[in-house]
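Visitor: I have this one open in the viewer now. Can you walk me through a few local features?

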Amino acid sequence: QCSFTSDQSPLTSKMAPFVFFCFLLVLLTSIAPCSCSDSSSGGGGGGIPVGGRFSFSLSTFDQTGRLAQVEHATKAAALGPPVVAVSLSSGSGCVLASVFATPSPLVEDDGTARFVRISDTIAISHSGVSADGRAVIAAAQRMAVEHAYTFDEDDVPIDVFLEELSALFQRYTMKAGSRPFGCSVLVAHLPLTDNFEDAATSNGNRYCRLYRIDPSGSVQMITPICCIGGGNGDEIAQALEERGCAEAASIEDAETILLDVLRTELEKDSMTSMEAEQRPKLAFLSSSLTRERGLAVRKVLPVDTAIDTDSNS
């Protein structure tokens, strides 16, 4: 009997891993039917709510008919610096401005062009995730170059440009394994004199028209004042209307009004509890689009810091 007992102990030790594996297999097979029944009771394949989310792919509508990723991208676009454009009613052009902010006083530029020339008649700006804005602007420039090479035209038609750029935004809302762009785009279009017959509006004006493209790919024409990015765009637009920025006599006057309103509104919103001497001095990027000079961009530093510097883009 003693020898029989000693022979069985090695066999039992060898069978222990196999018994444990069988126990895990039985446990998993008993849990699987419960999870399947829960998913089938989710309302016609609606997915299992987990932490406020659903078991959909990123490009699938949820049960309420919304795309959560597009909503998140819109919020990301609103976190960028405010970009404001004003079209002059005289038809001489438009002015654009944005806050110039760097992570450190030692950094002169963050490497992201805020206002970019696409053609002689089209300028573009972006706000939101800077990396996404750079990718969108690079794609827009490539569209203009390919159109000029294919059709031997210096200026891409604005309707073609808007259609292709909005299609790029929309494509990434339904493309598998990707996410929407976390930026909004402002497009300014100033028709040239020789293209006036094609670009004239119903009332005969040839003013600069402003368009906004959001992360979903929808295009809106917003004239004469268009705002994208952060900040209170409604209050800024109302202040510009009260100051008569769109009716300014010249580009320089409109630029002065725009920068003054931006500085006032941004300081009022962000530094209401600080003393005047403690408020940080804001720097701006100012741009103008005219038929004579095209797109001109300059950096406007605080008055007590340095003299304004001009640059053409």
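Guide: This is a predicted model. F169, Y172 and F181 form one aromatic cluster.

Visitor: How many aromatic pairs does the structure hold?

Guide: Two. For F169 and F181, the ring centres are 5.4 Å apart and the planes stand at 65 degrees, so that pair is edge-to-face.

Visitor: Where do F169 and F181 lie?

Guide: F169 is in helix α4 (residues 158–171), and F181 is in the loop between α4 and β5 (183–189), so the pair ties together parts that are twelve residues apart in sequence.

Visitor: Buried or exposed, those two?

Guide: F169 and F181 are buried. F181 has a relative accessibility of 10%.

Visitor: And what about the rings of Y172 and F181?

Guide: Their centres lie 4.8 Å apart with the planes at 55 degrees, so the pair is tilted. Y172 itself is partly exposed, at a relative accessible area of 24%.

Visitor: Back to α4. Which of its residues are buried?

Guide: I158, F161, L162, L165, S166, L168 and F169. They span an arc of only 150 degrees around the axis, which puts them on the same side of α4.

Visitor: Why would residues three or four places apart point the same way?

Guide: Because an α-helix has 3.6 residues a turn.

Visitor: What is exposed on the other side of α4?

Guide: D159 and E163 are exposed there.

Visitor: What covers the buried residues of α4?

Guide: The cover includes β4 (122–128), α3 (130–151), β5, β6 (209–213) and β7 (219–221).

Visitor: How far does α4 reach?

Guide: From first C-alpha to last, the 14 residues of α4 reach 20 Å, close to the 20 Å expected at 1.5 Å a residue.

Visitor: Next, T173. Where is its place?

Guide: T173 sits in the loop between α4 and β5. With 10% relative accessibility, T173 counts as buried.

Visitor: What does the side chain of T173 reach?

Guide: The backbone oxygen of Q170, at 2.5 Å. Setting aside neighbours within four places in sequence, T173 is also in contact with S59, L67, V70, P180, P215 and S216.

Visitor: In which sense does β2 pair with β1?

Guide: Antiparallel, over five bridges, with β1 covering residues 83–87. V83 has S98 in β2 as its bridge partner. The two strands form a hairpin with five residues between them, and G91 in the turn has a positive phi of about 85 degrees.

Visitor: And how many bridges between β2 and β9?

Guide: Eight, with β2 and strand β9 (residues 283–290) pairing in the antiparallel sense. A97 stands opposite S286 in β9.

Visitor: Now the backbone. What is the phi of D152?

Guide: D152 has a positive phi of about 55 degrees, although it is not a glycine. D152 lies in the loop between α3 and α4 and counts as exposed, at 71% relative accessibility.

Visitor: And the peptide bond from T223 to P224, cis or trans?

Guide: That bond is cis, with omega near 10 degrees. P224 is in the loop between β7 and β8 (225–228).

Definitions and conventions:
Residues are numbered from 1 along each chain as its sequence is written. This is a predicted model: local features need pLDDT of at least 70, side-chain atom pairs count only at pLDDT 80 or more; totals for chains, interfaces and linings use all residues. Side-chain values use heavy atoms; hydrogens and water are left out. Rings of Phe, Tyr and Trp (its six-membered ring) pair if their centres lie within 6.5 Å; planes under 30 degrees apart count as stacked, over 60 as edge-to-face and the rest as tilted. Helices (H or I, at least four residues) and strands (E, at least two) are DSSP runs, numbered from the N terminus. Buried means under 20% relative accessible area, exposed over 50%, partly exposed in between (1.4 Å probe, protein chains only). Two strands pair if DSSP finds at least two bridges between them. The expected span of a helix is 1.5 Å times one less than its number of residues. The arc is that of the directions from the helix axis to the C-beta atoms. Contact means heavy atoms within 4.5 Å. A polar contact is a pair of N or O atoms within 3.5 Å; within protein, one must be able to donate a hydrogen and the other to accept it, and residues adjacent in sequence count only if both atoms are side-chain atoms.
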